[in-house]
Amino acid sequence: MQLELDTKVIVLVAGLLLMWALGLGALKYRQMSTSADGAAHRYVDIAHRAALMYSFAALVLAVLAQFSAWPVPVDLAAASVVLLFFVAAIAGYTVHGIRRDTENQFVDPIPGTHLFMALLIVGEIGGTAVLVAGFAVQQFGPS
């Protein structure tokens, strides 16, 4: 079976997120091996785990899109919103971990942090809901 464009793109992004996670694992190891306490910076650890989890979450999005009732552009748009926020979150964690500039990004947050979080919540839940609804309609709707 040939995959639809939306599924191909999402699986590719999942693979890239996994590669990013592996690179972050190397950074985490480097920080652990050179620190006095044997630990990587908190945000390097968070970025590593988030990238791993998001790579697998992206595969769930791919399956939902592949078996969705919605047109490919709808599924691709919904998944793109979710994936964009996955990437933005990992990037933010990575920057904090490399810069070692905070132990908690919500203590003295930069302007726009809370707006970004609100958009992330709406975007990730909303985009995923579109894909879940498309899957449910296709798989459980009237035949």
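Okay, let's start inside: the largest nonpolar core has 26 residues, and I10, Y54, L61, F86, I90 and L131 have the most contacts within it. A nonpolar core here is a set of buried Ala, Val, Leu, Ile, Met, Phe, Trp, Tyr and Cys residues joined through side-chain atoms within 4.5 Å. Buried means under 20% relative accessible area, exposed over 50%, and partly exposed in between, with a 1.4 Å probe and protein chains only. Helix 2 gives the most to this core, 10 residues; helices are DSSP runs of H or I, at least four residues, numbered from the N terminus.

Quick note: this is a predicted model, so local features need pLDDT of at least 70 and side-chain atom pairs 80 or more, while totals for chains, interfaces and linings use all residues. Residues are numbered from 1 along each chain as its sequence is written, and side-chain values use heavy atoms, leaving out hydrogens and water.

Now, salt bridges, meaning a side-chain nitrogen of Lys or Arg within 4 Å of a carboxyl oxygen of Asp or Glu. The whole structure has four. Take D45: its closest N and O atoms are 2.5 Å apart with K28, and 2.3 Å apart with R49. D45 is buried at 18%, and K28 is buried at 18% too, whereas R49 is partly exposed at 44%. Why are D45 and R49 about one helical turn apart? Because they sit four residues apart in helix 2. Shared partners join K28, D45 and R49 into one network.

Another one pairs E103 with R42, at 3.9 Å between the closest N and O atoms. E103 lies in the loop between helix 3 and helix 4, and R42 in helix 2, 61 residues apart.

Key: Helices (H or I, at least four residues) and strands (E, at least two) are DSSP runs, numbered from the N terminus.
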